[in-house]
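Here are my notes from going through the model you sent over. Have it open as you read.

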Amino acid sequence: MIVIGEKINGSIPAVADAIARRDSDFIKERAKLQTDAGASFIDCCASVPESEEVETLHWMIDCIQSVTDVPISVDSPSADVLVEAYKFCKKPGLFNSVSGEGDKIDKIFPILAANPGWEVIALLSDDTGIPKSAADRLKVFDKIMAKAKEYGVSPNRIHIDPLVEMLCTSENGIETNTEVISTVREKYPSIHITAAVSNISFNLPVRKMINFGFTVLAMNSGLDSAILDPTNRDLMGLIYATEALLGLDDYCMEYISAYREGLFGPVKN
């Protein structure tokens, strides 16, 4: 599983406070914790007004890169901000994100074409918003992949996000998501499929139980990337176990190795 660590995001009150106070130690500590927990990427999202975003992301990215060499997921809803902020990264990372909305793809995909190490999260939404049905989300997907072909961006550099919505307001549970995930996986075996795991459980009690159940079902459908908290040892253990059960971990070696390294299981003194 490609784990995109979610803990440096200005939408989190404690992170917003650290950003406002320019508390570099706070940002560095969260970066180190996620690195030690096995994150594949560290998401960096400022959640400040767009006029302040590039400068803020520059500071945040510098903080993160001073303590870890894990690639950064540069996170902004603005393609213009992404175009500037990715330049602060010392090594290729992840654009988070583009969609079928406006000209976002046409601003980011040329950068991908010129920088082969970079990857991108692509949301299955467009100018109409988030399509309700799986069929309509897959139409957005087909348009995104047509653009990828046009710009020469290979599928294995794209993380498709089917857009997980709250379970408590969903009419069909996760049926739409699992249909989208399984169809995308069938069409493009090498593509990555990602999701913000915790979105599924908003406004529900004991959210972790819903998150756990969704993670297993989504992985069974083809999810191989996720935006989550890598310091959640129970969730990480569940991911390693699910990969083993799905036959994605030969002889359970990754599961055993992760346990021995203390990435999940009882805290070892």
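How are helix 5 and helix 6 oriented to each other? I'll take that up in the first point; keep in mind throughout that this is a predicted model.

1. The helix pair. The axes of helix 5 (residues 104-114) and helix 6 cross at roughly 40° and come within 10 Å. Angles under 35 degrees would count as roughly parallel, and 65 to 115 as roughly perpendicular, so helix 5 and helix 6 are oblique to each other. The crossing of helix 5 past helix 6 is right-handed.

2. Who touches whom there. Helix 5 brings Ile105, Asp106, Phe109, Pro110 and Ala113 to the contact, and helix 6 answers with Ile144, Lys147, Ala148 and Tyr151. Sorted by class, that contact between helix 5 and helix 6 has seven nonpolar residues, two charged ones and no polar ones.

3. Eight strands form an open sheet with parallel pairing, in the order 7-6-5-4-3-2-1-8. Strand 7 (192-193) and strand 8 (225-228) are the edge strands, each pairing on one side only. Back to helix 6 for a moment: as residues 134-151, helix 6 packs on this sheet and touches strand 5 (119-126) and strand 6 (158-161). The direction of helix 6 makes about 140° with that of strand 5.

4. Strands 1 and 2. Strand 1 (residues 2-5) runs parallel to strand 2 (residues 41-45), and two bridges join them. If you want a spot to check by eye, look at isoleucine 4, which stands opposite phenylalanine 41 of strand 2.

5. Strands 3 and 4. Three bridges pair strand 3 (residues 72-75) with strand 4, again in the parallel sense. Valine 74 has phenylalanine 95 in strand 4 as its bridge partner. Is strand 4 largely enclosed or largely open? Largely enclosed by the rest of the structure, because six of the seven residues of strand 4 (residues 94-100) are buried.

6. Alanine 18 sits in helix 1 (residues 13-21). Its relative accessible area is 0%, and buried means under 20%, so alanine 18 counts as buried. Which residues does alanine 18 contact, leaving aside its neighbours within four places in sequence? They are Asp23, Phe26, Ile27 and Trp59.

Notes
Residues are numbered from 1 along each chain as its sequence is written. This is a predicted model: local features need pLDDT of at least 70, side-chain atom pairs count only at pLDDT 80 or more; totals for chains, interfaces and linings use all residues. Side-chain values use heavy atoms; hydrogens and water are left out. Two strands pair if DSSP finds at least two bridges between them. Helices (H or I, at least four residues) and strands (E, at least two) are DSSP runs, numbered from the N terminus. Contact means heavy atoms within 4.5 Å. Axes are lines fitted to C-alpha atoms, for helices over the stretch in contact, and angles run from 0 to 180 degrees between N-to-C directions. Angles under 35 degrees count as roughly parallel, over 145 as roughly antiparallel, 65 to 115 as roughly perpendicular and the rest as oblique. A crossing is left-handed if the near helix is turned anticlockwise from the far one by less than a right angle, and right-handed if clockwise. Ala, Val, Leu, Ile, Met, Phe, Trp, Tyr, Cys and Pro count as nonpolar, Asp, Glu, Lys and Arg as charged, and the others, Gly among them, as polar. Buried means under 20% relative accessible area, exposed over 50%, partly exposed in between (1.4 Å probe, protein chains only).
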